[in-house]
Amino acid sequence: MFHASKYVRCSLALAASISAAHASEAEPSSVSFFAGQKFWFANFEANAIDVQTVIPPGSATPVLRTSLARYHTSDTHSITTLGARMGAFSVFGSVMPTVKSVAGSGLVGGTLSRAERDLGVSYAIGSGLSVSFIWRTGKVSPLVTPATGAALNIRGEQTVTGYLLGVSGSAPLDDRLALYGNLGYGPLRSKSTEVLGPLTRNKGSYTLGEFGLAYRLLEPSEARWLSSVSLQLGYRIQIVAYDDIELPTLRLDGTPLSVERTNARPLTQGMALGLSASF
């Protein structure tokens, strides 16, 4: 509902860039494979549900008023990608294992837990250029501040599913060094449990981007089994947009009295370092 999933962190920036960089190396009918490991040194800013006990004007009865409280974490996220290529087509998957980030007093329990995975297909439409379609899903918890957890006895978990359309490209600067860039955008759906009711659903969108330099460490003629090995260093950003979040005002027993709606924009950004191999 209020967190960036991610996803972290999707394979668009890694797998698609590997496909774009190496698609021209494979023969039209041959099958080749690629693997990548990326580390994202990310700062994450998002919102949690907060609650305060207030007395409305003209009333002597206190109520619980909910709002969004901003918090941030910093951590290193590991993304492992595996894929196969046949001619201009590639299929790939990536996994980000569960990461527990220290969130301090911003979340109940003080720790944010996230995990993600992606599946995708890409098509090389030219030398160094490809388009991709990616399905991604992830989980994040908790979703509330300590005050909300104490007042309503909730913690919350969110599952996010999205579909992304992306474009990836690279441009050589010399024989081994190249610029690379990746952009992706698509809709998402989130499902949150144990937050202001048994189940809450929201719609939104992902915007993803990564830009940087790739350096080819190994050429095909320098190894028997490897087609190439490349090192990537770039800056990676992800924005998740939620446009219709419900923030209720509740009686002390949890019964809703009224609802306000607002927007949220979780943001994840930071440097990314990756190593990829094609074989």
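**Close-up views of a predicted model**

View 1. In S8, Gly209 is the bridge partner of Leu183, strands here being DSSP runs of E with at least two residues, numbered from the N terminus. This is a predicted model, in which local features need pLDDT of at least 70 and side-chain atom pairs count only at pLDDT 80 or more, while totals for chains, interfaces and linings use all residues. Residues are numbered from 1 along each chain as its sequence is written, and side-chain values use heavy atoms, with hydrogens and water left out. Strand S7 (residues 177–193) pairs with strand S8 (residues 199–218) in the antiparallel sense over 17 bridges, where pairing requires that DSSP finds at least two bridges between two strands. S8 is also joined by 14 bridges to strand S9 (residues 228–250), again antiparallel, and in S9 the bridge partner of Leu208 is Gln238.

**View 2. Phe89 and Tyr123.** The ring centres of Phe89 and Tyr123 lie 4.7 Å apart with planes at 55°, so the pair is tilted; rings of Phe, Tyr and Trp (its six-membered ring) pair if their centres lie within 6.5 Å, and planes under 30 degrees apart count as stacked, over 60 as edge-to-face and the rest as tilted. Phe89 belongs to strand S3 (residues 89–102) and Tyr123 to strand S4 (residues 111–126), 34 residues apart.

**View 3. Arginines over rings.** The charged end of Arg114 sits over the ring of Phe44, 4.2 Å from its centre, and that of Arg136 sits over the ring of Tyr206, 5.0 Å from its centre (NZ of Lys or CZ of Arg within 6 Å of the ring centre and within 35 degrees of the ring normal).

Terms used. Helices (H or I, at least four residues) and strands (E, at least two) are DSSP runs, numbered from the N terminus.
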